[in-house]
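Please look at the structure first.

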Amino acid sequence: VIPQAICSRYGLYVGSNFVGLVRVLMIICFPIAYPIGKGLNKQETADRYEKEQVHEWRRSYDTPPPNGESLKMCAERAVASFRDQIEPQLLSGKNVMIAAHGNSLRSIILYLDKLTSQEVIVVC
């Protein structure tokens, strides 16, 4: 709670004082971080691996891609957040806007509609 309070009250002040440091760190880390951060799109992944394997990764519940996250792994994280942070606010009558994408939304749909792992793959 305290770091959040400091960031919301003094965020711009603190951030403006560390711009130089962040730039230096970006320059130092760029040669290593750029190749790691440059992910493959769907076609590049299909070219590197077999098309059937890519389809399995994209549509399975518990088979993660290399260095990636399966829907099951994402569900553990997303549903826990939904239950702890969002659901109590909804139950208290508040309106909540959720910004999410892909497997995070599929995970929340799985939880809300009480779908099985096979049903969520077909529906979403």
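A patch, as the word is used here, joins residues with over 30% relative accessible area and no salt bridge, and nonpolar side chains are linked within 5 Å. The model is predicted.

**Surface**

Tyr13, Val14, Phe18, Leu21, Val22, Val24, Leu25, Met26 and Ile28 form a nonpolar surface patch of about 880 Å². Two or more of its residues come from each of helix 1 (2-17) and helix 2 (19-37). Helix 2 gives the largest share, 6 residues. Ile28 belongs to helix 2.

A search of the whole structure turns up 1 salt bridge. It pairs the side chains of Glu69 and Arg77, at 2.8 Å from N to O. Side chains of opposite charge can pair when their charged atoms come close.

| Residue | Relative accessible area | Class |
|---|---|---|
| Ile28 | 55% | exposed |
| Glu69 | 33% | partly exposed |
| Arg77 | 45% | partly exposed |

**Interior**

The largest nonpolar core has 6 residues: Tyr61, Leu71, Leu110, Leu115, Val120 and Ile121. With neighbours within four places in sequence left aside, Tyr61 is in contact with Ser70, Leu71, Lys72, Leu110, Ser117, Val120 and Ile121.

Leu110 is also one of the buried residues of helix 6 (residues 103-112), along with Ser104, Arg106, Ser107 and Ile108. After helix 6 comes Lys114, which has a positive phi near 50°.

Terms used
Residues numbered from 1 in each chain as written. Predicted model: local features only at pLDDT ≥ 70, side-chain atom pairs only at ≥ 80, totals over all residues. Heavy atoms only, no water. Patch = residues over 30% accessible without salt bridge, like charges linked within 9 Å, V, L, I, M, F, W, Y side chains within 5 Å. Areas by Shrake-Rupley, 256 points an atom, 1.4 Å probe, with all protein chains shown as cover. Salt bridge = Lys/Arg side-chain N within 4 Å of Asp/Glu carboxyl O. Helix = DSSP H or I, 4+ residues; strand = E, 2+ residues; numbered from the N terminus. Buried < 20%, exposed > 50% of the residue type's maximum accessible area, 1.4 Å probe, protein only. Core = buried A, V, L, I, M, F, W, Y, C linked by side-chain atoms within 4.5 Å. Contact = heavy atoms within 4.5 Å.
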